[in-house]
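Biologist: Let us go through this model together. Please keep it short.

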Amino acid sequence: MKGVGALLIQVLRFGFYLAVHMLLVSKLVLFDLGWCFFYLGFLLFLPIGTPIVLQLVLGFGTGLLMDMFYDTGGVHAASAVLLCYLRPWVLRLLTPRDGYEAQDSVNVHQMGGQWFLVYMGLLVGLHHLAFFLLELGSFRSFGLTLAKIVVSTLFTGITLLIIQLIFFPTKRRGR
């Protein structure tokens, strides 16, 4: 029953992140430079023990839904798959001394603020770099694209940090 409950929680999280993004967050734009990719929270906050193949499939499915919503032709899917591909490498890079537990998920309260900011900054920054460069298709307006990457990374990172601080538990389960 524990597996079914965990799966149900993940399905509800998926629906929550996509619904909030499509209904509310997609309308928020900062000075025509910064967009919040709220749906990335679902991919970033998956349990650490999630198999890489499942992460890639979830990244592709999430990105594909966003591409259908925005009519962007695969840009969201490609950058979300890149995020999911790089996530285990970043987790391995940031492994704490005691290691991770399989049921742990990325949580600012459990992992610490510095760990979380590095994790979030690396993955969201690389996602946005890929997204905006794929969207641009060339290096013509690289200054404007770089500004979009930086502002959108900060906007997305701060939004997801607020979600972590408000909604995620402060203690590990079972301790």
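Modeller: The expected span of a helix is 1.5 Å times one less than its number of residues. Helices (H or I, at least four residues) are DSSP runs, numbered from the N terminus. This is a predicted model: local features need pLDDT of at least 70, side-chain atom pairs count only at pLDDT 80 or more, and totals for chains, interfaces and linings use all residues. Residues are numbered from 1 along each chain as its sequence is written, and side-chain values use heavy atoms, with hydrogens and water left out.

Biologist: How far apart are the end C-alpha atoms of helix H4 (residues 75–93)?

Modeller: H4 has 19 residues. At 1.5 Å a residue, H4 should span 27 Å. The computed distance agrees: 27 Å.

Biologist: At which residue in H4 does the kink lie?

Modeller: A bend is the angle between axes fitted to the seven residues ending at a residue and the seven starting there. In H4 the kink is about 35 degrees. It lies shortly before the proline Pro-88, at Arg-87.

Biologist: Is Ser-152 buried or exposed?

Modeller: Ser-152 sits in helix H7 (residues 142–167). Buried means under 20% relative accessible area, exposed over 50%, partly exposed in between (1.4 Å probe, protein chains only). Ser-152 has 0% relative accessibility, so it counts as buried.

Biologist: Which residues is Ser-152 in contact with, leaving aside its neighbours within four places in sequence?

Modeller: Contact means heavy atoms within 4.5 Å. Sequence neighbours within four places are set aside. That leaves Leu-33, Gly-34, Trp-35, His-128 and Phe-132.

Biologist: What covers the buried residues of H4?

Modeller: Buried residues of H4 include Val-75, Leu-83 and Pro-88. Their cover includes helix H2 (40–44), helix H3 (52–70) and H6.

Note on methods
Helix = DSSP H or I, 4+ residues; strand = E, 2+ residues; numbered from the N terminus.
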